[in-house]
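Subject: Structure handover

Hello,

Here is the structure you asked about. My notes on what was found in it follow below.

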Amino acid sequence: MAAAQISLPLPVLPEGWSAPNDFKAIGPLSAPNQRNLEPVGPHFLAHARRKRHKRTFSEDERIQANENVKKVEEEDGDDISEPENELMLGRDAKDWKGQDHYAVLGLSKHRYRATDAQIKRAHRKKVLRHHPDKRAATGSSEDDSFFKCIQKAFEILTDPVKRRQYDSVDENANVEPPSKKAASKSPSAFYKLWGPVFESEARFSKTRPVPMLGNDKSTKEQVEEFYNFWFNFESWRSFEYQDEDVPDDNENRDQKRHVERKNNNARKKKKTEDTARLRQLVDECLGGDERIKRFRKEARAGKDKKRLEREAEEKRVAEEARKAKEEQEKLQKEKEEAEKAEKAEGKKAKEAAKNAAKKNKRVLKGSVKDANYFLPQGQEAGAKRIDEILGDVDAVLGKIDNEELASLAGKLGRLKLAEEVGNVWRVEVKRLEGEGKLKAGEVRILSS
């Protein structure tokens with residue numbers, strides 16, 4: 001590159017300059033050296049650009065501003081790029097409470113989820129496009145009203161308190177609940193349509209994390225946790241943003257207090273209405289939730305199963321009790337019949353023993369009669385003799401039992417001779433005396 005030589009005149013000396021008189025050399029000048037100078041820097045590039053494209057200063061600034069806007073838009077991408085309509089561009093800056101701050105900055109699809117970085121980028125993008133100086137440079141007749149809307153939106157959304165107040169009443173961020181018909185078209189439609197509704201409402205929750213609707217595979221515990229949370233939902237919404245402006249003058253204090261009371265009452269009313277709205281929304285979701293119906297059906301089936309099992313167990317226990325009672329009654333009846341039969345047999349045996357004893361007594365008394373009361377043959381026994389012998393017989397009968405009576409009767413029943421009968425009686429009396437049952441001399445005739 002060839003070197004260029006430029007001749008520059010020395011600057012004019014200021015008035016009152018007295019260097020020639022006051023100058024004191026403190027050293028010699030160095031020897032001159034030849035250097036090559038090259039034009040560089042943004043100002044030279046701007047000059048070269050204007051010369052090359054034959055632009056004026058204003059034309060070049062306008063074109064460069066447009067290129068900067070395009071460059072910013074390309075860097076930001078589509079996440080904060082939204083078309084602007086004429087209605088929005090013509091908004092009155094004084095009605096800033098009625099404007100959609102997120103839409104003004106092009107953040108409609110982000111809204112309460114927009115980060116601080118996205119808000120700053122969106123503001124920068126809008127300012128580059130709508131700054132009054134920029135509009136004037138392009139020859140636009142648009143006033144600065146929309147620019148003021150941009151600045152107000154940026155002011156609200158970058159202040160955490162003001163943004164929270166605006167988000168509290170941002171109805172554009174709400175998701176409308178689906179109709180019953182739309183939610184019941186398919187099993188997945190219910191969760192697909194109701195899920196975003198609760199995701200939108202969750203932004204107002206004081207408690208975190210917020211349980212979501214889930215899907216058809218959610219457990220009973222998860223579903224119960226979801227509905228318990230939303231039926232007891234605690235919202236931080238305060239509705240201050242919609243307050244009526246309070247007068248700032250100190251002279252009208254009564255009016256100020258009146259407006260403040262009016263705002264407080266309005267907030268409470270809106271809070272109550274919002275709570276009722278959310279409760280109705282949860283009720284509608286609960287009414288169309290097939291999982292609840294399935295859980296209730298399973299619960300009823302479980303209760304029916306337990307009831308049937310309980311009834312079967314009660315029936316089994318009752319049947320066993322009935323059988324045990326019948327068996328006990330049967331055993332009791334058999335026992336009573338056995339006792340009755342035994343009693344009858346005993347009675348019969350007793351009767352038989354009694355009859356046998358009577359018969360044996362008759363045998364014993366008949367034996368002494370057959371023996372002619374132990375008198376010689378042909379001699380008739382007198383009444384006294386008969387009474388004495390029968391008295392001895394009764395004395396013996398009183399000392400022996402039925403077995404001994406039967407044994408004695410058996411012995412006497414086969415004898416016919418008086419002497420043999422007398423011997424049997426003597427032996428029996430001797431035995432009873434020997435056993436101590438009879439006293440000696442108690443029986444006189446039968447023992448002799």
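**Loops and helices**

K54 is found in the loop between α2 (42-53) and α3 (57-76). Please keep in mind throughout that this is a predicted model. The phi of K54 is near 55°, a positive value in a residue that is not glycine. Most residues other than glycine have a negative phi, and most peptide bonds are trans. K54 has a relative accessibility of 74%, and because exposed means over 50%, K54 counts as exposed.

A positive phi also turns up at F239, at about 65°, and F239 is not a glycine either. This residue lies in the loop between α12 and α13. Is F239 buried or exposed? Its relative accessibility is 6%, and the cut-off for buried is under 20%, so F239 counts as buried.

The loop between α11 and α12 holds P209. The peptide bond that leads from R208 to P209 is cis, with omega near -5°.

Next, helix α13, which runs over residues 253-288. Does its length fit its residue count, or what span should one expect? With 36 residues at 1.5 Å a residue, α13 should span 52 Å, and its end C-alpha atoms are 53 Å apart, so the two values agree. Buried residues in α13 are V259, N263, D274, L278, L281, V282 and C285. An α-helix has 3.6 residues a turn, so residues three or four places apart point the same way. The cover over the buried residues of α13 includes α11 (187-201) and α12 (220-231).

The last item is a helix pair. Two packed helices are described by the angle between their axes and the distance between the axes. For helix α14 (residues 290-370) and helix α16 (residues 402-413), the angle is about 40° and the axes are 9 Å apart. The two helices are therefore oblique to each other, and their crossing is left-handed.

Which residues meet where α14 and α16 pack? From α14 they are A353, A357, N360, K361, V363, L364 and S367. From α16 they are N402, L405, A406, L408, A409, L412 and G413. Sorted by class, this contact has 9 nonpolar, 4 polar and 1 charged residues.

Regards

Conventions: Residues are numbered from 1 along each chain as its sequence is written. This is a predicted model: local features need pLDDT of at least 70, side-chain atom pairs count only at pLDDT 80 or more; totals for chains, interfaces and linings use all residues. Side-chain values use heavy atoms; hydrogens and water are left out. Axes are lines fitted to C-alpha atoms, for helices over the stretch in contact, and angles run from 0 to 180 degrees between N-to-C directions. Helices (H or I, at least four residues) and strands (E, at least two) are DSSP runs, numbered from the N terminus. Angles under 35 degrees count as roughly parallel, over 145 as roughly antiparallel, 65 to 115 as roughly perpendicular and the rest as oblique. A crossing is left-handed if the near helix is turned anticlockwise from the far one by less than a right angle, and right-handed if clockwise. Contact means heavy atoms within 4.5 Å. Ala, Val, Leu, Ile, Met, Phe, Trp, Tyr, Cys and Pro count as nonpolar, Asp, Glu, Lys and Arg as charged, and the others, Gly among them, as polar. The expected span of a helix is 1.5 Å times one less than its number of residues. Buried means under 20% relative accessible area, exposed over 50%, partly exposed in between (1.4 Å probe, protein chains only).
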